[in-house]
Amino acid sequence: MSGITKVAHVMRRVSPQRWGGTECVVFNISEELIRRGIESPVHCTDMFETAGKGRIGAVPVIRHPYVFPWIGLSTEAKEKLKLKGGSPLSLPLFFGLLREKNVSVIHTHVQHRLGGMARTAAKLRGIPYVVSLHGGYYTLPEIQAEKMAEPFKGKAEWGKFFGWLFGSRNVLNDADAVICVGRAEFEEVKRRHPDKAVFYLPNGVNVPRFSAA
């Protein structure tokens, strides 16, 4: 940790009412970093929440406006994408990463467009970035992938330009390191990226936090 003073995390969303495995991992890491004297702000979209700055425990959370960049999405489709799947576009999040002061490392917990923004922001700032895979990047069952794509099936995707602009397809290729929460994902990333620094870091649940309603 020598020389690292701030790690900026990138997530798809942070909503206490819809807490999941990714949130557990990110906040366990962030709280430990903070205990070690390393600032650990989280940048995410404002899905299910209000845009702006807030805090969950000791962790600063900055939520940014976003859109799902497909033409003709119904309200129902957007709600499904908020719950799972989809690849939101948030230019405010990208510029927020550029404005965040004194960042040593960017740690993205999402790939695709948001991951591409983390990649590009790190390159523009001349700092390293790390990718965490929380399962389902290479190991997602095909039937589940098809179900996640149903809400935007047949819709024109105007956000492809931004995927190209931010290098979304190169998020793993250009990362300084890749962290895998699951063993199967770890083995698959090692197979596909034999020259990449890949780490297996299993995670648990903070039991006291969830012991009460």
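This is a predicted model: local features need pLDDT of at least 70, side-chain atom pairs count only at pLDDT 80 or more; totals for chains, interfaces and linings use all residues.
Residues are numbered from 1 along each chain as its sequence is written. Local features need pLDDT of at least 70 and side-chain atom pairs 80 or more, while totals for chains, interfaces and linings use all residues; side-chain values use heavy atoms, without hydrogens and water.

**Whole chain**

Select the protein chain and colour by secondary structure. The C-alpha trace spans about 50 × 45 × 35 Å along its principal axes. Buried residues (under 20% relative accessible area, 1.4 Å probe, protein chains only; exposed is over 50%, partly exposed in between) make up 46% of the 213.

**Lys6 and Glu100**

Next, select Lys6 and Glu100. Their side chains form a salt bridge at 2.8 Å, N to O (a Lys or Arg side-chain nitrogen within 4 Å of an Asp or Glu carboxyl oxygen). Glu100 sits in the loop between helix H3 (91-99) and strand S5 (105-108), and Lys6 in the segment before strand S1 (7-10), so the bridge ties together parts 94 residues apart in sequence. Glu100 is buried at 16%; Lys6 is buried at 6%.

**Helix H1**

Move to residues 21-35, helix H1. Show Glu32 and Arg35, which pair at 2.9 Å, N to O. They are three residues apart, about one helical turn. Arg35 is exposed at 61%, and Glu32 is partly exposed at 31%.

To finish, show every salt bridge: the structure holds eleven.

Note on methods:
Helices (H or I, at least four residues) and strands (E, at least two) are DSSP runs, numbered from the N terminus.
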